[in-house]
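Please read these notes beside the coordinates. They are numbered by topic and can be checked one at a time.

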Amino acid sequence: MAILLALSAMTGEAQRARDLGVPFDGAAGPLDAITDVRGIEVGHTTLISGNGPLKVGEGPVRTGVTVLFPRGKSNSDPVYAGWFSQNGNGEMTGTTWVEESGFLEGPVAITNTHSVGVVRDAIIAWSLKHPMFHQDWSLPVVAETWDGWLNDINGFHVKPEHVFSALDGAQGGAVPEGAVGGGTGMICYGFKGGIGTASRVLKKDDGAYTVGVLVQCNCGRRPQLTIAGVPVGKEITEGIPYSMFKDDEAGAQQGDRGSIIIVVATDAPLIPTQLKRLARRATMGLARTGSTSGNGSGDIFLAFSTANPHANDEPGPNTVQTVANERISPLFNATVEATEEAIVNAMVGAKTMTGIDSHTVPGLPHDKLQEVLKKYGR
């Protein structure tokens with residue numbers, strides 16, 4: 001039977017990148033998490049069961065679902081939002097309405113590639129009892145990355161009750177990272193990947209706003225991995241789990257395969273066009289860790305603002321505030337910095353995992369990471 005781990009059960013004393021001395025730019029919030037943006041709640045359901053040979057429909061199972069409520073599960077007020085596809089070999093449902101309306105209604109969910117449909121439908125079913133959508137039809141935002149190297153992805157193990165558990169269990173506070181929720185079976189730069197988060201707080205003169213980022217990272221080749229400007233992936237070459245992370249014998253680089261979903265949140269008053277600009281900056285945080293968003297990678301980003309409550313109230317017109325474009329650059333900086341750290345936090349928090357057919361993906365070795373950073377004076 002699958003191990004089902006809710007958010008509250010995963011808040012142990014897991015190490016994070018800063019605990020290892022990894023240097024990052026910018027000032028983090030109290031939790032260094034997306035939940036530093038007031039009102040945000042995050043929930044995970046983690047499914048782990050079975051070992052040995054793959055038996056489709058039985059396992060081994062290494063998957064789950066992660067959900068995020070912009071204003072908490074008791075508040076259905078939509079938020080201004082914008083999205084951006086850096087490379088579209090992936091899926092994020094509901095984005096056509098986000099683009100058209102400028103609003104995000106209801107929660108955001110992230111899971112594996114072949115569970116998007118069931119997660120979407122489960123959110124709609126849950127919302128019938130917990131009204132979240134402001135139309136007679138629901139267009140949930142559900143994103144994915146592929147976990148088929150470790151997980152029986154064609155066994156469809158994510159069920160509606162798992163989605164309900166994540167939704168009902170969503171809460172503020174510290175966010176579990178690594179191999180949890182939708183990130184359970186993910187791989188990042190040839191190490192174990194998953195869920196990661198970070199935040200930045202702007203200086204008072206820049207508005208004292210908070211920017212938070214949550215990622216589900218499943219991207220990159222080992223030689224690309226860069227942490228704090230150091231070529232970590234070229235220094236730690238042991239245990240690369242499968243060929244898509246290696247260069248061929250002639251030295252030609254294979255494409256960056258895998259995907260990453262990035263959710264950016266802020267309490268700064270931004271309108272949808274500005275939030276789309278914010279979502280684009282997540283690309284630069286991803287690039288700091290080495291990714292080039294190859295053809296096989298689905299790199300899709302969503303940004304929203306919890307400011308301007310009741311901006312969609314009927315009948316209107318409604319008064320909203322916005323940061324002037326001339327003052328938006330510090331928010332761009334914060335997005336880049338928090339995205340970079342969230343990715344590294346996901347890798348630091350993820351442990352070595354063995355899945356289907358005894359495929360094993362190593363966790364990023366903390367001691368070797370520290371040695372490499374020291375070697376380069378970081």
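1. Cys 188 is buried, at a relative accessible area of 0%; buried means under 20% relative accessible area, exposed over 50%, and partly exposed in between, with a 1.4 Å probe and protein chains only. Cys 219 is buried as well, its relative accessible area being 0%. This is a predicted model, in which local features need pLDDT of at least 70 and side-chain atom pairs count only at pLDDT 80 or more, while totals for chains, interfaces and linings use all residues. Residues are numbered from 1 along each chain as its sequence is written, and side-chain values use heavy atoms, with hydrogens and water left out.

2. How many disulfides does the model contain? With a disulfide taken as a pair of cysteine sulfur atoms within 2.5 Å, the count is zero. Cys 188 is in no disulfide, and the nearest cysteine sulfur, in Cys 217, lies 3.5 Å away. For Cys 219, the closest cysteine sulfur is that of Cys 188 at 4.2 Å, too far for a bond.

3. Tyr 189 has phi near 55°, a positive value in a residue other than glycine. Tyr 189 is placed in the loop between strand 8 (187-188) and strand 9 (191-192); helices (H or I, at least four residues) and strands (E, at least two) are DSSP runs numbered from the N terminus. With 0% relative accessibility, Tyr 189 counts as buried. A positive phi also occurs at Ser 293, near 50°, again in a residue other than glycine. Ser 293 belongs to the loop between helix 5 (272-288) and strand 13, and counts as buried at 12% relative accessibility. As background, most residues other than glycine have a negative phi, and most peptide bonds are trans.

4. One joins Gly 59 and Pro 60, with omega about 0°; Pro 60 sits in the loop between strand 2 (41-49) and strand 3. Another runs from Glu 314 to Pro 315, with omega near 0°, and Pro 315 is in the loop between strand 13 and helix 6 (329-349).

5. How many aromatic pairs are there? The count is three, where rings of Phe, Tyr and Trp (its six-membered ring) pair if their centres lie within 6.5 Å, and planes under 30 degrees apart are stacked, over 60 edge-to-face and the rest tilted. One of them is Phe 69 with Trp 126: the ring centres are 5.6 Å apart and the planes are at 50°, so this pair is tilted. Phe 69 is in strand 3 (residues 61-69) and Trp 126 in helix 2 (residues 116-129), so that the pair links distant parts of the chain, 57 residues apart. Phe 69 and Trp 126 are both buried.

6. Phe 84 and Phe 301 form another tilted aromatic pair, at 6.4 Å centre to centre with 40° between the planes. Because Phe 84 lies in strand 4 (residues 79-88) and Phe 301 in strand 13 (residues 297-305), the pair ties together parts 217 residues apart in sequence. Phe 301 is buried, with a relative accessible area of 0%.

7. Arginine also meets aromatic rings. The charged end of Arg 222 sits over the ring of Phe 191, 3.7 Å from its centre; the criterion is NZ of Lys or CZ of Arg within 6 Å of the ring centre and within 35 degrees of the ring normal. Arg 281 lies over the face of Phe 332, at 3.8 Å from the ring centre.

8. Where is His 130? His 130 is in the loop between helix 2 and strand 7 (141-145), and is partly exposed at 30% relative accessible area. Asp 136 lies in the loop between helix 2 and strand 7, and is exposed at 81%.

9. Buried residues make up 57% of the 378. Among contacts (heavy atoms within 4.5 Å) between residues at least 6 apart in sequence, 80% join residues at least 24 apart.
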